[in-house]
Amino acid sequence: MTQHASPPRDDTGKVPSAGQPPVWRGLFAHADVRTLSLLGVLAALILVGGITKPDEFLDTRNLQLVLTQASVIGVVTVGMTFVIMSGGIDLSVGAIVALASVWATTVATQEYGFGGILLTAVLVGLGCGLVNGLLIAYGGMVPFIATLAMLASARGLALQITDGKTQIVTVDSVLDLGLRDAYVLGIPPLVMVFAVVTVIGWLVLNRTTFGRRTVAVGGNAEAARLAGIDVRRQRLYLYLLSGLCCGIAAFLLIILSGSGQNTNGNLYELDAIAAAIIGGTLLSGGRGTITGSVLGVLIFTTITNIFALNNLQSDVQQIAKGAIIVAAVLVQRRTASTT
Amino acid sequence: MTQLPTRRGLLFGAAAVSAGAVLAGCTSNDSDDEPAANDQPAADDKPGKAVTIGFAGPQADHGWLNAINDNAKNRAKKYSDVTLEITEGSNDTAAQIGQIETLINKKVDVLVILPADGKALTQVGLKAMRAGIPVINLDRIFNSPQAYRCWIGGDNYGMGLNAGNYIGEKLKGKSDARVIELAGLDNLELTQQRTKGFDDALKNYPNVKKVARQAAEFTVESGQAKMAQLLQAQSNFDALWNHDDDQGVGALRAIEQAGRDDFLMVGGAGALSAFQAIKKDDGVLKATVLYPPTMAASAIDLARALGQSKGVGGLAEFEIPASITLYSAVVDKTNVDQYMSTGFK
């Protein structure tokens with residue numbers, strides 16, 4: 001309908017959507033164009049990779065590697081997408097991943113083996129999400145501030161728990177999940193978790209009342225409230241969801257790196273926000289797709305992979321990454337506005 | 001704590017003469033049985049004038065920096081005549097300047113400063129010196145020699161040099177040998193120095209060529225991610241030098257995940273986990289090049305000597321030296337036992 005038929009003018013968060021909750025048909029129409037343009041960017045990258053390093057890039061192992069490296073940040077981004085769509089922001093995701101990973105890898109937790117580590121990671125994630133949610137939904141704090149405070153304190157706590165030391169995981173059942181023996185039909189377990197989280201995220205957003213409420217709150221919170229949605233409870237759930245995703249991501253990171261360190265999840269908040277924005281999520285809320293965000297993550301990971309395969313140094317990588325973010329968003333907006 | 005181990009003074013002296021090996025060996029902080037082979041007469045280690053040492057360092061968010069703090073604290077505890085005033089670590093330049101100014105105002109006798117950024121903290125170093133408080137500049141060096149009385153730190157260039165020479169020797173006789181480098185944080189000067197040393201060493205071995213270099217971020221996570229990429233990019237190579245043992249935990253994990261064992265790896269810094277892997281000798285990690293955190297303990301020794309107007313035992317001079325560069329010894333299976341106690345977690 002109206003506000004989706006015309007292209008959005010401002011992705012910087014200044015202009016929230018108009019008064020009405022969005023209409024699904026319009027949203028999908030937009031999502032399709034955006035998704036296609038993102039797929040185009042990804043295809044172009046794959047072409048670059050295939051041309052520059054055909055043997056190394058177009059290799060099953062490399063595909064497994066790219067998807068594995070996308071998994072941890074991918075799971076975080078799914079949660080972040082929900083939060084941004086509701087008009088909020090979660091700056092604490094990286095710090096929560098750090099805290100959950102170090103808490104789950106303390107000697108005490110490792111004594112309980114696989115279950116102990118998994119449960120601790122998820123519970124810490126949920127706990128942080130609960131605090132964020134309560135502060136924002138019921139404490140009336142601005143999401144930016146509340147999650148900034150969480151960022152600081154969760155990192156601090158993570159540093160306190162580890163005392164700056166790297167906590168090495170000794171539980172074999174956890175470590176083995178990162179090895180090639182654990183692949184099922186060539187798919188690494190981490191990638192499976194990422195896929196499951198993505199599918200569930202997509203279903204929840206597009207096929208449930210919860211998803212519709214999220215979009216409604218992000219589009220116009222006051223209208224949503226008048227429509228009978230418990231906006232505060234919805235917000236609480238959304239930050240809980242983000243925290244849960246961080247807990248899962250922390251567990252994946254533990255499998256991947258075989259350790260817990262207080263520097264884990266460094267700058268995840270920016271990567272996840274960037275991926276969501278590239279994926280077409282409106283920073284002011286009300287619009288976005290899980291598919292877009294996941295494609296955003298894959299684009300980032302593929303770029304990094306191509307850079308590393310071509311042995312580009314990190315300064316070049318950073319410059320090119322910035323340029324590609326701008327290019328991707330410009331291409332996307334151009335495509336969106338011509339439809 | 002009055003009865004002090006009598007050998008410390010001589011170790012202290014030996015350290016000053018630069019034997020990195022001895023230095024590294026002498027700071028098994030919780031026992032007196034230093035493994036260092038040293039039987040020279042003890043220098044002045046008797047309790048003297050009470051000295052208050054102010055210690056300001058960066059945030060210990062990394063294994064090596066944490067070990068720096070531990071080394072300083074434990075060494076200070078061993079002296080009955082030393083009081084250590086330690087500030088909360090910070091990577092924020094303004095905050096660290098504030099902390100050092102507080103220590104100046106408290107009129108500590110000597111300052112030991114490991115700046116988060118040496119250049120940015122030069123002014124406050126000068127300020128302390130002008131206030132009559134001698135400064136021991138630890139590791140990251142100030143811009144001006146006027147800002148410190150004595151500098152003690154590691155040898156980043158030498159680290160790369162020794163790693164390169166070790167690898168070169170191991171690959172001697174192998175034609176067209178391929179080497180890759182997993183560097184640390186590229187925006188730190190020390191990373192550039194390590195790489196320079198490494199490249200210079202490889203020039204001694206015309207049969208060895210560096211085919212790839214990627215920078216990680218000194219973290220386990222980045223080490224895993226970058227190494228996984230490097231392994232995919234380079235289907236065959238003979239040796240890997242990784243700048244830092246902390247990120248090496250991640251690098252080793254990536255190597256394990258890729259199922260590769262067709263090369264030898266040399267680490268850097270001297271983490272306990274690296275020492276243990278070298279001793280076990282069942283993986284690719286064959287050696288690590290030291291960047292000893294024990295320099296913090298030596299800095300306390302120097303600060304104490306400075307506060308008590310003493311020289312360094314074993315040296316002819318009346319004063320402590322103006323600068324001391326530690327040696328980046330290569331630790332491999334043959335000597336790992338000697339260094340085990342200095343490994344940091």
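This is a predicted model: local features need pLDDT of at least 70, side-chain atom pairs count only at pLDDT 80 or more; totals for chains, interfaces and linings use all residues.

**Notes on salt bridges, a helix and the cores**

1. Over all chains, the structure holds 22 salt bridges.

2. Lys174(B) belongs to the loop between H6 and E6 of chain B, and Asp238(B) to the loop between helix H8 (220–233) and E8 of chain B, so the pair ties together parts that are 64 residues apart in sequence. As to accessibility, Lys174(B) is partly exposed, with a relative accessible area of 37%. Asp238(B), by contrast, is buried, its relative accessible area being 16%.

3. A salt bridge also links Asp281(B) with Lys286(B), where the closest N and O atoms are 2.8 Å apart. Asp281(B) is partly exposed, with a relative accessible area of 30%, and Lys286(B) likewise counts as partly exposed at 30% relative accessibility.

4. Asp282(B) forms a salt bridge with Lys280(B), and here the closest N and O atoms lie 3.9 Å apart. Both Asp282(B) and Lys280(B) are exposed.

5. Helix H7 of chain B, residues 189–202, deserves a separate comment. The helix has 14 residues and reaches 20 Å from its first C-alpha to its last, close to the 20 Å expected at 1.5 Å a residue. Which residues of H7(B) are buried? They are Leu190(B), Thr191(B), Arg194(B), Thr195(B), Gly197(B), Phe198(B), Asp200(B), Ala201(B) and Leu202(B). The cover over these buried residues includes helix H6 (156–170) and strands E6 (177–183), E7 (208–215) and E8 (239–242) of chain B.

6. In soluble globular proteins, nonpolar side chains tend to be buried together. The largest nonpolar core here has 76 residues, of which Val97(A), Ile117(A) and Tyr268(A) touch the most other members. Apart from this core lies another, of 52 residues, among them Phe55(B), Phe198(B), Leu202(B) and Leu264(B).

7. Leaving aside residues up to four places away in sequence, Val97(A) touches Val76(A), Cys246(A), Ala249(A), Ala250(A), Leu253(A), Gly265(A) and Tyr268(A).

Definitions and conventions
Residues are numbered from 1 along each chain as its sequence is written. Chains are lettered from A and ligands numbered from 1 in the order in which they are written. Side-chain values use heavy atoms; hydrogens and water are left out. Helices (H or I, at least four residues) and strands (E, at least two) are DSSP runs, numbered from the N terminus. The expected span of a helix is 1.5 Å times one less than its number of residues. Buried means under 20% relative accessible area, exposed over 50%, partly exposed in between (1.4 Å probe, protein chains only). Contact means heavy atoms within 4.5 Å. A nonpolar core is a set of buried Ala, Val, Leu, Ile, Met, Phe, Trp, Tyr and Cys residues joined through side-chain atoms within 4.5 Å. A salt bridge is a side-chain nitrogen of Lys or Arg within 4 Å of a carboxyl oxygen of Asp or Glu.
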